[in-house]
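Good morning, and thank you for making time for this presentation.

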Amino acid sequence: MLNQDRQIYINVPKIDSADINRALPVLYLLDGENHFHILSAYIEYLAHWKIIPPIIVVGIVSADRVKDLTPTNSLINFDGRVDSNYKTSGGNEQFFNFIQKELMPYIEANYQTSPFKIFAGHSFGGLTAIYCMLMHPDMFDAYIAISPSLWFGNKYVLRLAEQKLPDLSKMDKKIFYSVGNEDGTFRDDLLKFDQLFKKDSLKVFEHEYKYYPSEDHMTEPIPAYYDALRFVYKNWTYNKTK
């Protein structure tokens, strides 16, 4: 699909002997090189104490992050300036094609997976997670967007959410989204996104917004990913037979 080799990190959590035949949900993580070890450790710990189920983590490394993790082509950077580093932007759809047609079949053929899938990302990765939910909601069951870069492309995804979210209101999906104490419009944009869920038609859509005033853009993923896992599995209870 992408005509290039991709580096993938995979963590299969330790399984109790009683659960050896259990099919596991899969969390597909963007910027795998940055957050793979944090999420894997959280899952190992929480699953050990039966707070969440064991989850396979698949960390995806991007050869061209700007291309993979943006929905549309835009040369305007965070500071509002034209930036040649953004010339490859707009490759989300091609990237999703790779995940759906190459990566997922590989994981499902080689590991004992359940149908439940989570898509998680930070910054441009968070933007990508929201865009995927809006355009391809059936690809995943739960979405995690940490400090999504909703400013990108003249707020392209935020505007898209206003159109698309009402159509998702009756779908059995979950989304966790969060922001830290950050520069620019990060928090204002996410508050506008959160307001969309306050409408009557979307009140049934399972969602959680968190603000971390003591964290900046790069430290926020540490508490946010933990809280996101707790949110996705807040109603989960351990059952030996499943």
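Predicted model: local features only at pLDDT ≥ 70, side-chain atom pairs only at ≥ 80, totals over all residues.

I begin with a pair of helices, α1 and α7, whose crossing is right-handed. The contact is made on one side by His 35, Ile 38, Leu 39, Tyr 42, Ile 43 and Leu 46 of α1, and on the other by Pro 221, Ile 222, Pro 223, Tyr 225, Tyr 226, Leu 229 and Arg 230 of α7. Sorted by class, these residues comprise 11 nonpolar, 1 polar and 1 charged. As for the geometry, α1 covers residues 32–48 and α7 covers residues 221–232; the two pack at an angle of about 40°, and their axes are 10 Å apart. That angle makes α1 oblique to α7.

Let me now step back to the overall architecture. How many helices and strands does the protein have? There are 7 helices and 7 strands. Followed along the sequence, their order is β-β-α-β-α-α-β-α-β-α-β-α-β-α.

On dimensions, the C-alpha atoms fill a box of roughly 55 × 45 × 35 Å along the principal axes. The radius of gyration is 17 Å, which agrees with the value near 18 Å that a compact globule of 242 residues would have. Buried residues account for 51% of the 242 residues. Taking contacts between residues at least 6 apart in sequence, 77% join residues at least 24 apart.

I return to helix packing with a second pair, α3 and α4. Helix α3 spans residues 92–110 and helix α4 spans residues 124–135; their axes lie 11 Å apart and the packing angle is about 80°. The two helices are therefore roughly perpendicular to each other. From α3, the residues in contact are Asn 92, Glu 93 and Phe 96; from α4, they are Thr 128, Tyr 131, Cys 132 and Met 135. By class, this contact has 4 nonpolar, 2 polar and 1 charged residues.

The crossing of α5 and α6 is left-handed. Here Lys 155, Leu 158, Ala 161 and Glu 162 of α5 meet Asp 189, Lys 192, Phe 193 and Leu 196 of α6. Which classes of residue make up the contact of α5 with α6? The division is 4 nonpolar, no polar and 4 charged.

I turn next to two residues in strands. Val 58 is placed in strand β3, residues 56–60. With a relative accessible area of 0%, Val 58 is buried. Leaving aside residues up to four places away in sequence, Val 58 touches Ile 8, Tyr 9, Val 26, Leu 27, Tyr 28, Leu 29, Leu 103 and Ile 107. Its C-alpha atom is separated by 12 Å from that of Asn 34, which is 24 residues apart from Val 58 along the chain.

Leu 24 belongs to strand β2, residues 24–29. Leu 24 counts as buried, at 4% relative accessibility. With the same exclusion of residues up to four places away, its contacts are Val 12, Pro 13, Ile 15, Pro 54, Ile 56, Gln 112, Thr 113 and Ser 114. One of these, Pro 13, is 11 residues from Leu 24 in sequence and 9.4 Å from Leu 24 in space, C-alpha to C-alpha.

Finally, I would draw attention to two backbone angles. Ser 147 has a phi near 45°, a positive value in a residue other than glycine. Where is Ser 147 placed? Ser 147 sits in the loop between β5, residues 142–146, and α5. Is Ser 147 buried or exposed? Ser 147 counts as buried, at 0% relative accessibility.

Asn 154 also has a positive phi, near 55°, and is likewise a residue other than glycine. Asn 154 is found within helix α5. Asn 154 is exposed, with a relative accessible area of 62%.

Thank you for your attention.

Conventions:
Residues numbered from 1 in each chain as written. Heavy atoms only, no water. Left-handed = near helix turned anticlockwise from the far one by under 90°. Helix = DSSP H or I, 4+ residues; strand = E, 2+ residues; numbered from the N terminus. Contact = heavy atoms within 4.5 Å. Nonpolar A, V, L, I, M, F, W, Y, C, P; charged D, E, K, R; others polar. Rg over C-alpha atoms; globule rule 2.2 N^0.38 Å. Buried < 20%, exposed > 50% of the residue type's maximum accessible area, 1.4 Å probe, protein only. Axes fitted to C-alpha atoms, helices over the stretch in contact; angles between N-to-C directions. Parallel < 35°, antiparallel > 145°, perpendicular 65-115°, else oblique.
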